[in-house]
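Good morning, and thank you for joining this meeting. Please look at the sequence and the structure as I present them.

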Amino acid sequence: MTAPYIMLVDDEVPFVETMSKRLVKRGLKVIAADSGNDALVKLGQESKVDVIILDVKMPGMDGLETLQEIKKRYPIKEVIMLTGHATVETAIEGMKLGAFDYLMKPCDLDILMSKVQEAFKKKHEHESKIDKARIDKLVLTRGY
Amino acid sequence: MNKDKHKKYYQSLTRNMILTAIIVSFTPMLLVICILLQQFRISYHEKTYAHLSELVQKHKQNIDSFLNEKLANIRFLTVNNSFETLNDKEFLQEKLLILRRDYGNVFVDLGIVDEKGVQLAYAGPYELENAEYSDADWFKKAMRMDPFISDVFLGLRGYPHFIVAVKKRETGRDFLVRATIDFMAFNSLVQNLRVGKTGYAFILNREGAFQTNPAMEYQPSHKGYEFFWTAVEKTKNKILITRWQDDAGMENLYAVGSLKDGQWLLIVKQLTSDAFSDLKRMLNIAVVIFLIGAAAIVFMAFYTSRRMVRRIRRADQDKENMNEQIIETGKMASIGELAAGIAHEINNPVAIMVEEAGWIGDLLEEEEFAQGENLEEFNRALKQINTQGKRCKEITHKLLSFARKTDATLKDVQLNDIVTEIVSLSAQMAKYNKVSIETQLQKTLPYITISPSEMQQVLLNLINNALDAMEKTGGTIQVSTKISEVESEHIVIIVEDDGPGIPEANLLRIFDPFFTTKPVGKGTGLGLSICYGIINKMGGKIDVHSTIGKGTRFRIWIPIQK
């Protein structure tokens, strides 16, 4: 199991930058995006992203819309919602739409790390199951 | 200054109301009274005049017929008897007896007087045979006029009387048959005529001398009466009614009619005040009624105006208070919005700051800094930044919850259920503080339509505050609900503790946002202002009483909707 590949999405660029550095220092691979659109474009380029940390409140395409779009295109990827206190309801709404969990800003980095790990593990399990199913199918079709 | 202006405003309002009430009530009352009185006066005058006029008319006829009757008696005697027969004392005495028998003592005596004025024969109580009348006034007039009735005079006998004389011519010589009419008998005709208390009648001759005894003692000069003569002559035999001031300065009412072919006047005189005494009494009654009415009107005008203005004043005061409350509520609402905005805007920078501090911490872990002199200090400073960042976060979270609309969905709820729920939630916490929570709930509370989560928030805030206040001392919190006896159609919730109480200076500001007495970092000062806002929104009221050392009592009134 390799280190998780993270995408950070937030319109607050300094926040994203610092957070990226800290996560990288903890051994994660990180890519940053500063809007929902940017995130979708970059996801198209980088197919290896495992977990997306997504701010709820953003100008333009907001967190919920972005989440729905991501889940539509890449259902296997896990999303963690990042929210201010005022938007907890939105975050909960996001979980109904398939987000893995939510965290409140400013968040403790250790908690974030453990959540990321959990999400990554879940995604990994899913992938393994899918792989296994594919192999089984492949084996059957080969007709041994 | 403002208060002065208000006072003046209410004073002028009171004055205007009083004046309006008085004018509006007085004007019709005065008009009605004046018109009625005037009408009454006119008709009363007419009635009085008519009565007097009729009276005088009747008596005038009486007296005239009395005089004519006496004259006719003597004329009958004269015409039917010759001088020879008449000039006989015995015959005259006989005739006098017959006359006295028929008419009472009206005829005093009878006599025959020759053309030279010597009484030839006489029948009567006095010794007047051969009496000499040639110089007497009546004799001269009687010789000229036939028949003749004299004015009243004293004559030879020194006693008031008057004479009825008839002239006859026989054998070329004139002679007179005369009779004396008793003054008293004649006088009684007039003297018995009385009107009211002061009205009496008398007869005057051309010279203005009394022909009867006036009933009243005083003797007025008769100068004024000359006026009557001219006036009566003008009215031609009708009854004249006039007012005249007599010598005593009293105004009198006179009714005058002419007698004896215009030689005498029959006058009825009555004091005006007496004649119109009924009118005066009526006037007095009217004045008394008017004064009582006026007093009542003035009193009522003052009383009702004062009361009305007092009510208006109270209403104005209420309105003002309401305005203040609305402003207060509005202020709180805008503070809430502001707080929410600030909280949101601050949240992101704080997050960045905390992240940056975290990043520095991460870097410090690298070896090149491990031996750094001030590493310890750096770490402490970073930890502090982290702690304060978290504190900021907590504050912004609370601010946001202050502004954020909690679940405001209205439901029909039993208030006691909410109280029980919150009390059981707080019970654990209370145990740590050595506080016991007691409830006293009225079982028959009606259902009310409120937002349960808002109500929970309010109760939780109040109980938490009480718990905080009694952190060191411990004690009892009493939560009770009942139908309010002070405010009708309200349920009252009372949260009462026996903690240290709240100083008076703080009591006034207790519902202000950001007002707190808790140590820095412990309280945001928003709890009670949230409660205040919620209760206000429900249309209720919240108040607080506190005594230092004895405890604090919060009361919440919530209206019962129908």
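Let me begin with a term: two residues are in contact if their C-beta atoms, placed from the backbone, lie within 7 Å. Please also keep in mind that this is a predicted model.

With that term in hand, consider B:Gln211, which sits in the loop between strand 7 (199-204) and helix 6 (226-235) of chain B. Which residues does B:Gln211 contact, leaving aside its neighbours within four places in sequence? They are B:Asp151, B:Val152, B:Ile203, B:Leu204, B:Asn205 and B:Trp264. B:Trp264 lies 53 residues away along the chain, yet the two C-alpha atoms are separated by 8.3 Å. Is B:Gln211 buried or exposed? B:Gln211 counts as buried because it has 24 C-beta neighbours inside 10 Å.

I now turn to chain A. Chain A has five helices and five strands, and along the sequence they follow the pattern β-α-β-α-β-α-β-α-β-α. Of its 144 residues, 38% count as buried.

The strands of a sheet pair through backbone hydrogen bonds, either parallel or antiparallel. In chain A, five strands form an open sheet with parallel pairing, in the order 2-1-3-4-5. Strand 2 (29-33) and strand 5 (101-104) of chain A are the edge strands, each pairing on one side only. Strand 3 (residues 51-55) and strand 4 (residues 78-83) of chain A run parallel and are joined by five bridges; A:Ile52, for instance, has A:Val79 in strand 4 as its bridge partner.

Helix 1 (residues 13-25) of chain A packs on this sheet, touching strand 1 (5-9) and strand 2 of chain A. Helix 3 (residues 63-73) of chain A lies across strand 1, strand 3 and strand 4 of chain A. Thank you for your attention.

Conventions. Residues numbered from 1 in each chain as written. Chains lettered and ligands numbered in written order. Predicted model: local features only at pLDDT ≥ 70, side-chain atom pairs only at ≥ 80, totals over all residues. Helix = DSSP H or I, 4+ residues; strand = E, 2+ residues; numbered from the N terminus. Buried ≥ 20, exposed ≤ 12 C-beta atoms within 10 Å, placed from the backbone. Pairing = 2+ DSSP bridges. Axes fitted to C-alpha atoms, helices over the stretch in contact; angles between N-to-C directions.
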